[in-house]
Amino acid sequence: MRALQVDRSVTRFATARLSSRPAVLRLTETEPPAPPGPDWVTIRPLLSGICGSDLATVYGRASRWFEPYVSFPFTPGHEIVAETATGERVVVEPVLHCTIRGVDPVCSSCAAGRTNRCENLAAGHIAAGLQTGYCNQTGGGWSGALVAHRKQLHYVPAGWSDEAAVLVEPVACSVHAALSAPPGEPRVAAVVGAGTIGLATIAAIRSFREDVTTVIAVAKHPDQRRLARQLGADVVAEPDELRRAVRRATGSWVLDSGQLTGGAGVVFDCVGTSESLSSSTAVAAPGATVVLAGMPGRVNIDLTALWQRELRLAGAYAYGPEPVAGDRHSFDLAMQLISEHDMGRLVSALYPLERHSEALDHASHAGARGATKVAFDLRHEKRR
Amino acid sequence: MTRPGFVLEVDRSTPPILTWHGEGFRLESLPAGRSRVIYPPEPLESLKDPDATIRRALESPLGDSKPLRELLFPGMRLTIAFDDISLPLPPMRRPDNRQRVIEAVLDIAAAAGVDDVVLICALALHRRMTESELRHAVGDRVYDSFAPIGRLLQHDAEDPAGLVHIGVTEHGEDVEINRRAAESDLIVYVNINLVAMDGGHKSVATGLASYRSLRHHHNVRTMRHSRSFMDPEHSALHSSNWRMGRLLAASGVKIFQIETTLNNDAFPPQMAFLQKREWEWNPRDRASYAASTRGLSLLTPRLARSLFQSIKAPHAMTSVQAGEVEAVHAETTRMVHRQQLVEVQGQTDVAIFGLPHICPYNVNSIMNPILVMCMGLGYLFNLYRGRPIVREGGVAILSHPTPWAFHPVHHPSYIDFFEEVLSETTDPVAIENTYEERYATDEWYRHLYRTGHAYHGVHPFYMWYWGAHALEHLGRVIIVGGDRKAVRRLGFSPASTLADALEMASDVVGDEPTISHFHCPPIMIADVK
């Protein structure tokens with residue numbers, strides 16, 4: 001079968017970083033991975049999305065934090081809708097936590113159901129790997145086949161398109177982000193970024209958070225602005241308009257420096273850059289929570305506001321049971337959200353594996369090119 | 001001898017026509033055989049002795065008013081209100097009409113033994129003037145006598161303690177004005193009547209009013225029923241102000257109105273070509289034009305703005321009327337018309353308006369895109385009597401750089417209006433219904449208006465309403481040479497050149513459209529038959 005693989009090569013990572021080309025990635029012919037245990041099955045990807053963290057990896061920009069949590073060579077792709085040997089369609093919950101790894105007893109986080117906080121991502125009977133798509137034993141979605149533990153599989157409802165199904169994983173991340181700030185008094189929420197995560201976060205806030213009165217979205221591009229509005233944003237601002245939009249919505253005053261006296265009660269940074277995080281903290285009200293929904297890397301920001309305003313900077317990674325929603329799982333909530341908002345339309349372009357450079361370039365400039373989610377179409381791939 | 005206004009039918013021998021373009025101008029060739037250029041009358045002769053004329057007017061009032069001297073007595077409360085920075089345009093050389101009149105009034109008040117005198121700049125919802133702007137308007141002597149002791153004030157339309165509700169007109173309009181003025185024994189209002197819209201009952205009923213009162217006539221319905229608001233006889237804006245003014249009079253508020261008119265000598269001698277007819281340009285005019293355009297092309301927009309904002313017009317006083325409000329204003333309007341009316345036969349398919357660097361709301365400031373709209377579709381479009389110069393469904397072509405730029409101190413709510421409101425809709429009614437109240441009551445804008453130099457939060461809405469009649473009337477609006485993104489945000493079409501704009505206009509009005517070029521400034525009123 002064909003697969004896109006990332007090798008451990010310092011030279012290739014350096015080349016990717018310097019040239020802005022996916023130099024770490026190569027299309028190769030390989031054997032499908034073997035199931036590492038009796039609870040594992042081989043599945044055949046139908047569609048597999050390209051995520052911001054994938055782009056950071058293949059362009060050599062990912063944080064070295066992840067080094068212990070990957071095993072080379074690996075096939076990327078953790079947003080997956082696939083078909084089982086019996087023809088059922090499934091989406092993969094990719095976190096490779098204690099139970100998947102055969103670690104017994106499980107860590108305290110996994111025991112509490114918080115598998116996204118698993119402490120054993122490099123232990124157990126499979127190789128290190130944060131998620132499917134970063135582990136050389138499981139394979140990943142950008143290939144003709146991979147293996148998955150039965151507990152990783154969620155069945156796709158009948159009648160769903162593959163496009164809708166491939167969004168379950170990223171939308172579940174957004175659901176988790178939206179629900180990670182504790183509920184409280186009625187408040188204004190700001191969502192910085194209008195890619196897949198940002199747009200789905202807007203929808204999740206609208207569907208699952210009754211305490212948010214107004215959603216202000218930051219979107220750079222016309223299609224993002226349109227979608228943000230359709231998914232529930234009350235106000236859509238361009239990046240340099242955010243501060244004024246929050247001021248208007250909250251009745252804050254502005255100091256001579258341009259700083260707001262108040263701000264939004266909760267801010268979701270769905271980009272993860274120095275600029276987006278600076279913007280997010282700048283518009284957060286005293287005591288507000290700033291949720292990091294987009295994967296950040298090394299950022300350079302002034303944290304004085306965080307200290308002086310007692311802001312809470314909260315990471316939101318992956319998914320799990322959501323206490324705010326009666327412990328329903330993020331994946332279930334994501335499926336509800338996708339259904340309610342017809343979110344399959346966010347899949348803008350599909351590419352075969354051999355056009356991976358083009359696909360990755362498209363995904364890197366998705367907003368500017370009027371796209372949201374770009375994915376690989378594997379429905380015509382040979383399986384062996 | 002002053003020559004009247006003139007309409008030139010463009011033929012093959014017609015030279016290119018000067019067209020204003022913000023802080024600059026262009027020479028544009030117009031299609032022969034179907035274009036006309038509307039030129040204003042030349043400046044009227046000025047009064048030989050303005051100060052003596054003012055004294056005579058105060059002594060010989062119009063209407064049923066007694067001479068000012070007889071209305072003043074010891075122990076009375078006298079309030080002298082005066083027009084703000086929005087008049088005249090460009091600002092006039094010293095001494096300003098306001099200074100001359102206020103000094104004359106103060107001389108009479110002093111002679112009558114009046115001690116309790118307060119001067120109030122009638123800002124309405126405009127920005128507060130700076131010290132230098134006030135000094136320019138009222139003169140150093142008046143400023144130094146009154147400002148240090150807190151007796152030169154600027155009207156605050158958001159000060160609950162400083163306002164008094166007088167009553168409600170028969171049309172249900174609240175009349176709420178400045179408390180000090182209302183509770184004075186006499187208000188003397190000092191006007192500069194640059195256009196026919198200014199003065200009359202509008203002086204006090206608007207200049208000294210609150211938002212609660214102003215919203216009854218500064219709204220979309222009124223603007224759409226003012227055809228035009230430069231023609232008081234056919235202006236719902238004026239009808240409302242007149243009802244309010246009569247209520248004030250009936251409630252015992254005594255007003256002694258003083259109105260002054262100016263000639264339209266708007267530019268200094270070195271820029272004389274700006275108010276000449278092109279075929280009459282002499283070598284010096286041509287050289288001035290060439291040097292100006294070359295020099296301006298070398299300046300940054302900021303420097304060009306500073307240069308143009310420094311222009312002081314040699315406007316000269318042409319008349320003074322004093323006394324009862326309506327009698328005074330009737331004579332003032334006659335004088336304004338004498339200077340500005342130009343008879344024009346019929347409408348055309350297209351009107352071209354070159355927009356200058358200044359409008360009433362960007363003195364010492366930036367002509368932001370909302371003000372471009374207001375200047376083009378609010379002011380220049382409405383400078384007519386009878387009918388607009390462009391037919392219904394026709395096209396207005398504006399020429400202005402329309403930068404996406406705002407003065408952050410003067411126009412804070414404009415920035416929000418542009419970013420938030422216009423990105424959603426340009427429909428005046430939807431804007432009024434959805435957004436006006438929130439902006440009008442925003443505490444931050446209120447704070448900036450009251451303590452800084454910001455226009456009131458609702459002001460950009462009024463600018464948009466000012467153009468509501470034109471928006472309803474026109475089939476399309478095209479801006480030549482503007483920032484394309486800003487022009488589109490306004491809901492208009494950008495064009496690179498006038499030729500492109502005329503090509504685009506043909507989509508709406510057909511091939512070979514008839515064209516009017518409104519050669520303004522100087523200001524004029526097209527009397528369209």
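In which loop of chain A is the place of Asp342(A)? Asp342(A) is located in the loop between H12 and E16 of chain A, where helices (H or I, at least four residues) and strands (E, at least two) are DSSP runs numbered from the N terminus. The phi angle of Asp342(A) is near 50°, a positive value in a residue other than glycine. In general, most residues other than glycine have a negative phi, and most peptide bonds are trans.

The model is a predicted one, in which local features need pLDDT of at least 70 and side-chain atom pairs count only at pLDDT 80 or more, while totals for chains, interfaces and linings use all residues. Residues are numbered from 1 along each chain as its sequence is written, and chains are lettered from A and ligands numbered from 1 in the order in which they are written.

Chain A is assigned a domain 1, made up of 2–156 + 342–377, and a domain 2, covering 170–323; such bounds come from an automatic or database domain assignment. Taken over C-alpha atoms, the centres of domain 1 of chain A and domain 2 of chain A are separated by 27 Å. To the contact between them, domain 1 of chain A brings 23 residues and domain 2 of chain A brings 19 residues, two residues being in contact if their C-beta atoms, placed from the backbone, lie within 7 Å. On the side of domain 1 of chain A that touches domain 2 of chain A, helix H2 (residues 52–58) of chain A gives the most, with 3 residues. That side of domain 1 of chain A has 8 nonpolar, 10 polar and 5 charged residues, with Ala, Val, Leu, Ile, Met, Phe, Trp, Tyr, Cys and Pro counted as nonpolar, Asp, Glu, Lys and Arg as charged, and the others, Gly among them, as polar.

In chain A, an open sheet is formed by 6 strands in the order E10-E9-E8-E11-E12-E13, with parallel pairing; two strands pair if DSSP finds at least two bridges between them. Strand E10 (235–237) and strand E13 (312–315) of chain A are the edge strands, each pairing on one side only. Direction ignored, neighbouring strands of this sheet are turned against each other by 20° on average, the axes being lines fitted to C-alpha atoms, for helices over the stretch in contact, and angles running from 0 to 180 degrees between N-to-C directions. Strand E11 (residues 264–269) and strand E12 (residues 284–292) of chain A run parallel and are joined by 5 bridges, and Val266(A) stands opposite Thr289(A) in E12(A). Helix H7 (residues 196–208) of chain A packs on the sheet, where it touches strand E8 (187–192), strand E9 (212–218) and E11 of chain A, and its direction makes about 170° with that of E9(A).

H7(A) also packs with helix H12 (residues 330–341) of chain A, at an angle of about 100° and with the axes 10 Å apart. H7(A) and H12(A) are therefore roughly perpendicular to each other, a term that covers angles of 65 to 115 degrees, whereas those under 35 count as roughly parallel, those over 145 as roughly antiparallel and the rest as oblique. This contact is made by Ala203(A), Ala204(A), Ser207(A) and Phe208(A) of H7(A) together with Leu333(A), Leu337(A), Glu340(A) and His341(A) of H12(A); by class, it has 5 nonpolar, 2 polar and 1 charged residues.

Strand E16 (residues 347–351) and strand E17 (residues 373–377) of chain A run parallel and are joined by 4 bridges, with Val347(A) opposite Lys373(A) in E17(A). From E16(A) the chain crosses through helix H13 (residues 356–364) of chain A to E17(A) in a right-handed β-α-β crossover, that is, with the strands pointing away from the viewer, the path from the first strand over the helix to the second runs clockwise.

The contact between the chains takes 10 residues from chain A and 7 residues from chain B. On the side of chain A that touches chain B, H9(A) gives the most, with 4 residues. The axes of H9(A) and helix H15 (residues 412–421) of chain B come within 10 Å and cross at roughly 95°, which makes H9(A) roughly perpendicular to H15(B).

In chain B, the peptide bond from Arg94(B) to Pro95(B) is cis, with omega near -5°, and Pro95(B) lies in the loop between strand E5 (77–82) and helix H3 (97–111) of chain B.
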